[in-house]
Protein chains: 2
Amino acid sequence: MLMANDLPDARDGSATQRAYRVLRKMIVTGELKPGEKLKIDGLRGRLDTGASPIREALSLLTSDNLVERIDQRGFRTAEISAQNFDEILKLRCTLEDLALRESIAKADDAWEEQLVLAHHRMARAKDGNEATFEDLHKLFHMALLANASSPILLKFCSQLYDLNIRYRFLAGRALNYQRRDVSDEHGGILAAAVARDADAASSRLLDHYKMTGAFLAGLLERNELS
Amino acid sequence: MLMANDLPDARDGSATQRAYRVLRKMIVTGELKPGEKLKIDGLRGRLDTGASPIREALSLLTSDNLVERIDQRGFRTAEISAQNFDEILKLRCTLEDLALRESIAKADDAWEEQLVLAHHRMARAKDGNEATFEDLHKLFHMALLANASSPILLKFCSQLYDLNIRYRFLAGRALNYQRRDVSDEHGGILAAAVARDADAASSRLLDHYKMTGAFLAGLLERNELS
DNA sequence: TACGATCAAATTATCGATTTTTTTTGACCG
DNA sequence: CGGTCAAAAAAAATCGATAATTTGATCGTA
């Protein structure tokens, strides 16, 4: 069963959904800086909605650990720190290893096809639209894990992905993501997964994370983040 | 540093906080049944607040996986199933093992004292107030893990604890929790933790979970849940 | 100068009313 | 009968206004 690569449009869904998507992107991409106070009134202007949808969107973002809620004192974006990054990296390695192995253990044709497709879409988008590449990149990584019949685990992985990618955006130009041939790494992971080789897939995936992680951790230690 | 065992009072905090605590307890204890529709208006009467705090509380509960939000169609409590329970149990074993080992690895006097204290409070409450025992029980289990300097991991564990305990409440009288001497098991875990024996502590903790888990899983398979 | 109290401005939290969306009902037609 | 459609009812989402709370500035006092 082929599915549309449904990246939601900016006007889909309720006002809350829209606010949620926009705010999340703004936080993940660093448009809203770590620790920044999120004043409802200010955001109302930028997002062109009332206070209620914004409040609700911020509540939802709280659960993603992207926003912190301080009772009676409003909302602010989550702080960043070297420890926090380290924690995210470690947890990701543990949980994605778990999920990937289960996913491969239950491998079937449908999953494999979805995976190949996700990879193709990501590869194709690489040269083109910079913004959607990141979305497709996430879809590829989640497609790897998708066959693990463990919704809670997948949700955790998805959250950790977003928390991690935020650091990559914050590193911005400092992180020469293109220098390393990430494309090859993705290809290697895909190949191992399709070959049902859980050990190879897992070690390649984890190396993929640790490589970027080590670089980012270095930046963080030296406080070179914007 | 001794801390008060601060179980929040029913009138502490904002209306949202109150609604959040009350609703969570109602869901965890099964007063609100799995899959039940949560109509804002209906809850307004029961909780004696406006719609806004309730909406916001429900949004927060969504992130705890206790409430499901369906866009434009309101909220309902999370469904239960044998798979879901199985998933929770497995994830709990993995994550608490991780957290407990890190907690013990970094063991210090302050942590040890907090732990002993949490155990004592739980043990003392056992005969008395049934309602607060569960709260203290959770505090003890979280105290075991608390020394792992990994807030995200601890948050995951806390969430999974609540999801799990919900099943125990739903099993209600069917689960003869008192039959097994849980008190001994807690004592054993505490002793191993205080002795800094990570292997023993972890295996005792996981057995503690698996024991209850196996029984509950049996009930679920046979659909004997209320 | 440092400290604490007090008041005004800013901001958040909450409420009640309105708008939008979904669900239900019941009449009508094949 | 069974299914479709439209109107009515119910419920959710959103808005604008009000109440409660925090923050920041000012002033008097030791």
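Modeller: D135(B) is partly exposed, with a relative accessible area of 27%; buried means under 20%, exposed over 50% and partly exposed in between, with a 1.4 Å probe and protein chains only.

Biologist: What should I know about the numbers and the source?
Modeller: This is a predicted model, in which local features need pLDDT of at least 70 and side-chain atom pairs pLDDT 80 or more, while totals for chains, interfaces and linings use all residues. Residues are numbered from 1 along each chain as its sequence is written, chains are lettered from A and ligands numbered from 1 in the order written, and side-chain values use heavy atoms, without hydrogens and water.

Biologist: Which residue forms a salt bridge with D135(B)?
Modeller: K25(B) does, the closest N and O atoms being 3.3 Å apart. The pair joins distant parts of the chain, K25(B) being in helix α1 of chain B and D135(B) in helix α6 (residues 130–145), 110 residues apart. A salt bridge here is a side-chain nitrogen of Lys or Arg within 4 Å of a carboxyl oxygen of Asp or Glu, and helices (H or I, at least four residues) and strands (E, at least two) are DSSP runs numbered from the N terminus.

Biologist: And what does R24(B) pair with?
Modeller: R24(B) forms a salt bridge with D162(B), with the closest N and O atoms 2.9 Å apart. R24(B) lies in helix α1 (residues 15–28) of chain B and D162(B) in helix α7 (residues 151–171), so the pair ties together parts 138 residues apart in sequence. R24(B) is partly exposed at 24%, whereas D162(B) is buried at 9%.

Biologist: Which residues are linked with R24(A) in a network?
Modeller: D64(A), K138(A) and D162(A) are linked with R24(A) in a network of salt bridges.

Biologist: How many salt bridges are there over all chains?
Modeller: The count comes to 28, and four lie across the interface of chain A and chain B. The side chains of R69(A) and E56(B) also meet in a salt bridge, at 2.8 Å from N to O.

Biologist: How much area do the two chains bury between them?
Modeller: About 2400 Å², of which 58% is on carbon and sulfur atoms; this is the accessible area (1.4 Å probe) that two parts lose on being put together, summed over both. In terms of contact (heavy atoms within 4.5 Å), 31 residues of chain A meet 31 residues of chain B.

Biologist: Switching topic: how is chain A built?
Modeller: Chain A has nine helices and three strands, running α-β-α-α-β-β-α-α-α-α-α-α from the N terminus. Buried residues make up 48% of its 226 residues.

Biologist: Which residues of α1(A) are buried?
Modeller: T16(A), A19(A), Y20(A), L23(A), M26(A), I27(A) and V28(A) are. The buried residues of α1(A) pack against several elements, including α3 (51–63) and α7 (151–171) of chain A and β2 (67–70) of chain B.

Biologist: What follows α1(A)?
Modeller: G30(A) follows, with a positive phi near 90°.

Biologist: How many residues does the largest nonpolar core have?
Modeller: It has 129 residues, and L23(A) and L58(B) are among those with the most contacts inside it. Such a core is a set of buried Ala, Val, Leu, Ile, Met, Phe, Trp, Tyr and Cys residues joined through side-chain atoms within 4.5 Å.
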